[in-house]
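Colleague: I would like to go through this model with you. Could we begin with the conventions and then turn to single residues?
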Amino acid sequence: VQLQASGGGLVQAGGSLRLSCAASGRTFSNYALGWFRQAPGKEREFVAAIRWSDGNIYYADSVKGRFAISRDNAKNTMYLQMNSLKPEDTAVYYCAAGQPYYSSSYSISSPAKYDYWGQGTQVTVSS
């Protein structure tokens with residue numbers, strides 16, 4: 001399984017970026033694909049996830065209303081549209097695939113429930 005994240009960069013506060021995650025190597029119909037981020041000196045934290053089979057979406061409270069996750073089944077690609085970016089959004093963003101318990105927000109947001117990880121893409125938001 002390969003997950004290839006791209007689209008990071010440097011942007012001013014209030015700006016936008018779109019991240020992409022190209023997935024290959026297996027079918028993901030029973031999987032959730034998600035975005036996590038990790039800032040220097042901090043733990044990896046959940047950003048958003050999408051259930052591949054039916055498109056159900058889950059967001060961390062810190063990004064609700066600003067970020068939008070989506071998928072293109074035909075391209076096996078997941079996206080994260082990030083708007084109204086803040087300096088505190090600065091981190092390395094990782095895409096991941098796993099099989100969390102969808103009835104549990106704790107499970108959906110737990111990095112331990114994701115088996116496959118991409119290499120990460122840096123997002124830097126300047127103030």
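Modeller: Thr-121 has a relative accessible area of 11% and is therefore buried, a term that means under 20% relative accessible area with a 1.4 Å probe and protein chains only, while exposed means over 50% and partly exposed lies in between. This is a predicted model, in which local features need pLDDT of at least 70, side-chain atom pairs count only at pLDDT 80 or more, and totals for chains, interfaces and linings use all residues. Residues are numbered from 1 along each chain as its sequence is written, and side-chain values use heavy atoms, with hydrogens and water left out.

Colleague: What does the side chain of Thr-121 reach?

Modeller: The backbone nitrogen of Gly-8, at 3.1 Å from the side chain of Thr-121.

Colleague: On to aromatics: how many aromatic pairs does the structure hold?

Modeller: There are 8 aromatic pairs, where rings of Phe, Tyr and Trp (its six-membered ring) pair if their centres lie within 6.5 Å; planes under 30 degrees apart count as stacked, over 60 as edge-to-face and the rest as tilted. Tyr-31 and Tyr-116 form a tilted pair, because their ring centres are 6.2 Å apart and their planes are at 40°.

Colleague: Are those two buried or partly exposed?

Modeller: Tyr-31 is buried at 6% relative accessibility, whereas Tyr-116 is partly exposed with a relative accessible area of 26%. Another pair, Tyr-94 with Trp-117, is edge-to-face, with 6.4 Å centre to centre and 80° between the planes.

Colleague: Which residues do ring pairs link into a cluster?

Modeller: Phe-36, Phe-46, Tyr-94, Tyr-114 and Trp-117.

Conventions
A polar contact is a pair of N or O atoms within 3.5 Å; within protein, one must be able to donate a hydrogen and the other to accept it, and residues adjacent in sequence count only if both atoms are side-chain atoms.
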